[in-house]
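Notebook open, model loaded. I want to go through the fold, the helices and the charged pairs, in that order.

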Amino acid sequence: MTENDTLPSVPLADMIDRFIQRIGMSVAWCYVLLVFVIILQVVLRKGFSSGLIIFEELQWHLYALGVMIGLSYAQTTNSHIRVDLFYSRFRARTKHIIEILGILILVMPFIVIVFLHSIDFFYDAYRINEGSQSPSGLPYRWIIKGVIPVSFALLGLAMLSRLYRDTVLLMRGE
């Protein structure tokens, strides 16, 4: 059970979280494809002594896609890593205040900075039609670089949802 399951309902935040979770569950299928690509690469390399660079790079791309989109999913389900030495002993009001301050002071500035820089990173790769440096590698590397701003936009949306949820619950006194 996630923390969001035990928190009182906040309809707008719940709707945003469900939207992000649907995206996360859809993208999670890339891990199934990743397993098949890894197995295929291992069979080719060990069984036929000829692995392919394109499969090696596809593994990196699939793993990156899952991790980057998984950040926002983990935030909405509260399944991310949290060092919880004192937090669990705090009253609900104190927890909401800590969450609100943490989001505003630490998380959102980080997300905004990474998001803004990732747009330039993606645009430069798109502008030059960046591909693999290996002749037999994947073309269109800008596609995976385009996932960075998308994933941080989703993470920002997930954090805004959490901020709204904690603010509403703080105001309600829950």
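**Overall fold**

I began with the contacts (heavy atoms within 4.5 Å). Among those in the chain between residues at least 6 apart in sequence, 76% join residues at least 24 apart.

A note on ground rules: this is a predicted model, where local features need pLDDT of at least 70, side-chain atom pairs count only at pLDDT 80 or more, and totals for chains, interfaces and linings use all residues. Residues are numbered from 1 along each chain as its sequence is written, and side-chain values use heavy atoms, with hydrogens and water left out.

I looked up the secondary structure next and got 6 helices and 0 strands. Helices (H or I, at least four residues) and strands (E, at least two) are DSSP runs, numbered from the N terminus. The radius of gyration is 20 Å, well over the 16 Å that the globule rule gives for 174 residues, so the chain is more spread out than a compact globule. That radius is taken over C-alpha atoms, and the rule is 2.2 Å times the number of residues to the power 0.38. Along the principal axes, the C-alpha atoms fill a box of roughly 65 × 35 × 30 Å.

Buried residues make up 37% of the 174 in the chain. Buried means under 20% relative accessible area, exposed over 50%, and partly exposed in between (1.4 Å probe, protein chains only).

**Helix α6 and the UniProt spans**

I checked α6, residues 142–172, which has 31 residues. From first C-alpha to last it reaches 45 Å, close to the 45 Å expected at 1.5 Å a residue; the expected span is 1.5 Å times one less than the number of residues. In α6, 22 of the 31 residues are buried, so the helix is largely enclosed by the rest of the structure. Just after α6, G173 takes a positive phi of about 80 degrees.

The unreviewed UniProt entry places "transmembrane region" at residues 23–44, 60–76, 97–122 and 142–164. Its positions are in the numbering used here, feature names are shortened, and annotations may be inferred rather than shown by experiment. I looked at two of these spans. Residues 142–164 are 100% helix and 0% strand, with end C-alpha atoms 33 Å apart. Residues 23–44 come out 91% helix and 0% strand, with ends 32 Å apart.

**S72**

S72 is in helix α4 (residues 53–77) and is buried, at a relative accessible area of 1%. Its side chain reaches the backbone oxygen of I69 at 3.0 Å. Leaving out residues up to four places away in sequence, S72 touches I20, L154, L155 and A158.

**Charged pairs**

How many salt bridges does a search of the whole structure find? I got 9, counting a side-chain nitrogen of Lys or Arg within 4 Å of a carboxyl oxygen of Asp or Glu.

I noted D17 with R165 at 2.8 Å, N to O. D17 lies in helix α2 (residues 11–27) and R165 in helix α6, so the pair ties together parts that are 148 residues apart in sequence. Both D17 and R165 are buried.

R162 and E99 also form a salt bridge, at 3.9 Å, N to O. R162 is in α6 and E99 in α5, so this pair ties together parts 63 residues apart in sequence. R162 and E99 are both buried. Salt bridges that share partners join D14, D17 and R165 into one network.

Technical notes
A polar contact is a pair of N or O atoms within 3.5 Å; within protein, one must be able to donate a hydrogen and the other to accept it, and residues adjacent in sequence count only if both atoms are side-chain atoms.
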